[in-house]
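Subject: Structure handover and notes

Hello,

Please find the structure below. My notes on what was found follow it.

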Amino acid sequence: MEPVIDQAFAAALYSDGDAGLDAGASLLAADPTADAELFRRGEEFVRRAWERGWQPADVVRIVRRELDETGAGLVADLIAAETGRYEQLPYRWRSQLAELPAPPPRNRPDRFSYASALLGLYRLLLRLPAIEPVGPPPGAPGHRLSLPAHDEPRMLTRIRALLAKAEATGFPEEAEALTTKAQELMARHSIDEALLAARTHSKDAPGACRIGVDAPYETAKAILLDAVASANRCRAVWNSDLGFSTVVGFEPDLEAVELLYTSLLVQGTAAMAKAEAGQRAGGRKRTKTFRQSFLMAYVQRLGARLAADTARVTAASVSEERAAAGDLLPVLAARGVAVTDAADRMFPETTSTRVRGVSDGEGWAHGTAAADRARMGERRPGIDGSR
């Protein structure tokens, strides 16, 4: 007789709708002896996702987006068990695993609901498409291994601290100064790393990472990420269907993009909520158009300033280190070509996305003002020793 798990899978995983899930869940709920094998099969589905280019954060994101928080907890349990098989994991996986949602208890009195949720999750995992890999899966030869936490450069630790303070403060001028200093440190760190790699004849090549771009207002968020990536000598390609952008660049620059994008999004969202509250107090109700216009203005203004500030910091670095000036510009140009080539190999076919028009003038004005408060590039007195 066919095992109960195979019967349940045949009913639930290869059909659409709730009828198949209900039939499969009924079979599993009636047979507690199948639980261990059911979980093991789930680990296999997760392993296949790694082989198709997915990483832990990607899987949790798509499950949360397509199912619910219960599904995210279930897949987190599977991910933790599957990755526990490996002595070492690829770089970046450690932080993704640390941020997994808490799994639900496996032993539930309502076995039918639990089995139904698992089968719905397995159906989704089974149908995940292959995506562009941003590094080899765990266990593959030659992958870059996780680094101990204390190996993070001190510069990145300082940058994290500055951006955390910028997000937490309730004073726009202080947030502006903190973020400005953080961006300056990022730019200088990137230049220092590029020169060091050139002088030591490092074989480092561009890498890639994925960053979630979630609804609502995902177009504005994707444009913001693209602006941050461009300003930090990276390329960003947005996959709107799967809810993420892939950023291609050298490792120090990828770190900068992740940190700065997250911080600017937090700051922008907080500023938008504050401005919207003021609008509501004045009797306005068109919150959706206000938010969309706010974020598009915020993104456009920040993108222009980031691009200008990158050029300014680069020029200042050349001026301050005249002995290195002959090396710096060719090094940066070579790295730019390498990033472009890597992105073109990963994504030989891309399309442009049409951005909807902005229809709320007040939202645009408030968004522009918020971008000005979060601007980068100018030294401000009294922040972390700057003059």
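Helices (H or I, at least four residues) and strands (E, at least two) are DSSP runs, numbered from the N terminus. Axes are lines fitted to C-alpha atoms, for helices over the stretch in contact, and angles run from 0 to 180 degrees between N-to-C directions. This is a predicted model, in which local features need pLDDT of at least 70 and side-chain atom pairs count only at pLDDT 80 or more, while totals for chains, interfaces and linings use all residues. Residue numbers start from 1 along each chain as its sequence is written, and side-chain values use heavy atoms, with hydrogens and water left out.

Overall, the protein has 14 helices and 3 strands. Of its 387 residues, 47% are buried (under 20% relative accessible area; exposed is over 50%, partly exposed in between, with a 1.4 Å probe and protein chains only). The protein exposes about 19200 Å², and carbon and sulfur atoms supply 53% of that area. Among contacts (heavy atoms within 4.5 Å) with a separation of 6 or more, 79% are between residues 24 or more positions apart.

On helix packing: helix H3 (residues 35–51) packs with helix H7 (residues 111–126) at an angle of about 25°, and their axes are 10 Å apart. That makes the two helices, H3 and H7, roughly parallel (angles under 35 degrees; over 145 is roughly antiparallel, 65 to 115 roughly perpendicular and the rest oblique). H3 contributes Asp35, Leu38, Phe39, Gly42, Phe45, Val46 and Arg48 to the contact, and H7 contributes Arg111, Leu118, Tyr122, Leu125 and Leu126. By class, the residues of this contact are 8 nonpolar, 1 polar and 3 charged (Ala, Val, Leu, Ile, Met, Phe, Trp, Tyr, Cys and Pro count as nonpolar, Asp, Glu, Lys and Arg as charged, and the others, Gly among them, as polar).

On the backbone: most residues other than glycine have a negative phi, and most peptide bonds are trans. The peptide bond from Ala215 to Pro216 is cis, with omega near 0°. Pro216 sits in the loop between strand E1 (207–212) and helix H10 (218–231). Tyr217 lies in the loop between E1 and H10 and, although not a glycine, has a positive phi of about 60°. Its relative accessibility is 17%, so Tyr217 counts as buried.

His201, also not a glycine, has a positive phi of about 55°. His201 is found in the loop between helix H9 (172–199) and E1. With 64% relative accessibility, His201 counts as exposed.

Regards

Notes
Areas by Shrake-Rupley, 256 points an atom, 1.4 Å probe, with all protein chains shown as cover.
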